Amino acid sequence: MIHAIIIILLILTPITAAANDWTMMDTAMQLTYTAVTVADWSQTLHIARNPNLYFETNKYLGAHPSEGSVNSYFAATIALNAAISWLLPHPYRTAWQGFWIGYEYSYVERNVNIGLKLS
């Protein structure tokens, strides 16, 4: 699925890059996504540091990821999300950003509910 999205974006890049209409709202949405993702990143590092207490549910990271794999994954995720957001035209950009904000927030909330703090 992700490969199909990347191929479509590569095809659309010349079209969207020339007519990009990034707004302050887009910036606010991207910063919100980044903040929520950094919260998830922090919680996931706590999971990685405490494999005897927690396990990770992200299938890409595995049940007991290393700190390095957690850092690589989240850094790449934030960068890729920003790049895709930049390339997408409205209203797809807003939908994309909103979806990922909600997705990340749901994991942060789940982690808080199992006892992980935000630190």
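**Figure 1. Helix H2 along its length.** Helix H2 covers residues 24–49 of this predicted model. At 1.5 Å a residue, its 26 residues should span 38 Å. The end C-alpha atoms lie 37 Å apart, which agrees. The expected span is 1.5 Å times one less than the number of residues. Helices (H or I, at least four residues) and strands (E, at least two) are DSSP runs, numbered from the N terminus. Thr23 caps the N-terminal end of H2. One of its side-chain oxygens sits 3.3 Å from the backbone nitrogen of Met25.

The model is predicted, so local features need pLDDT of at least 70 and side-chain atom pairs count only at pLDDT 80 or more, while totals for chains, interfaces and linings use all residues. Residues are numbered from 1 along each chain as its sequence is written, and side-chain values use heavy atoms, with hydrogens and water left out.

**Figure 2. The whole chain.** The chain has four helices and zero strands. Along the sequence the pattern reads α-α-α-α. Of the 119 residues, 33% count as buried (under 20% relative accessible area; exposed is over 50%, partly exposed in between; 1.4 Å probe, protein chains only). Take contacts (heavy atoms within 4.5 Å) between residues at least 6 apart in sequence: 68% of them join residues at least 24 apart.

**Figure 3. H2 against H3.** H2 and helix H3 (residues 67–87) pack at an angle of about 165 degrees, with their axes 9 Å apart. That makes H2 roughly antiparallel to H3. Axes are lines fitted to C-alpha atoms, for helices over the stretch in contact, and angles run from 0 to 180 degrees between N-to-C directions. Under 35 degrees counts as roughly parallel, over 145 as roughly antiparallel, 65 to 115 as roughly perpendicular, and the rest as oblique. The H2–H3 crossing is right-handed. A crossing is right-handed if the near helix is turned clockwise from the far one by less than a right angle, and left-handed if anticlockwise. Residues in this contact include Tyr33, Trp41 and Leu45 of H2, and Phe74, Ile78 and Ala82 of H3.

Figure 4. Val70 belongs to helix H3. With a relative accessible area of 0%, Val70 is buried. Leaving aside neighbours within four places in sequence, Val70 is in contact with Trp41, Thr44, Leu45, Ala48, Leu61 and Pro65. Val70 and Thr44 are 26 residues apart in sequence, yet 7.0 Å apart in space, C-alpha to C-alpha.

**Figure 5. Gln30 and its polar partner.** Gln30 lies in helix H2. Gln30 is buried, at a relative accessible area of 9%. Its side chain makes a polar contact of 2.7 Å with the side chain of Asn81. A polar contact is a pair of N or O atoms within 3.5 Å; within protein, one must be able to donate a hydrogen and the other to accept it, and residues adjacent in sequence count only if both atoms are side-chain atoms. Not counting residues up to four places away in sequence, Gln30 touches Trp22, Asn81, Ala82, Ser85 and Gln97.

Figure 6. The axes of H2 and helix H4 (residues 92–113) come within 9 Å and cross at roughly 30 degrees. The two helices are therefore roughly parallel. Their crossing is left-handed. Among the residues that meet are Met29, Val36 and Ile47 in H2, and Trp100, Ile101 and Tyr105 in H4. Gln43 is part of helix H2. Gln43 is buried, with a relative accessible area of 1%. Residues up to four places away in sequence aside, Gln43 touches Tyr107, Val108, Asn111, Val112, Leu116, Lys117 and Leu118.
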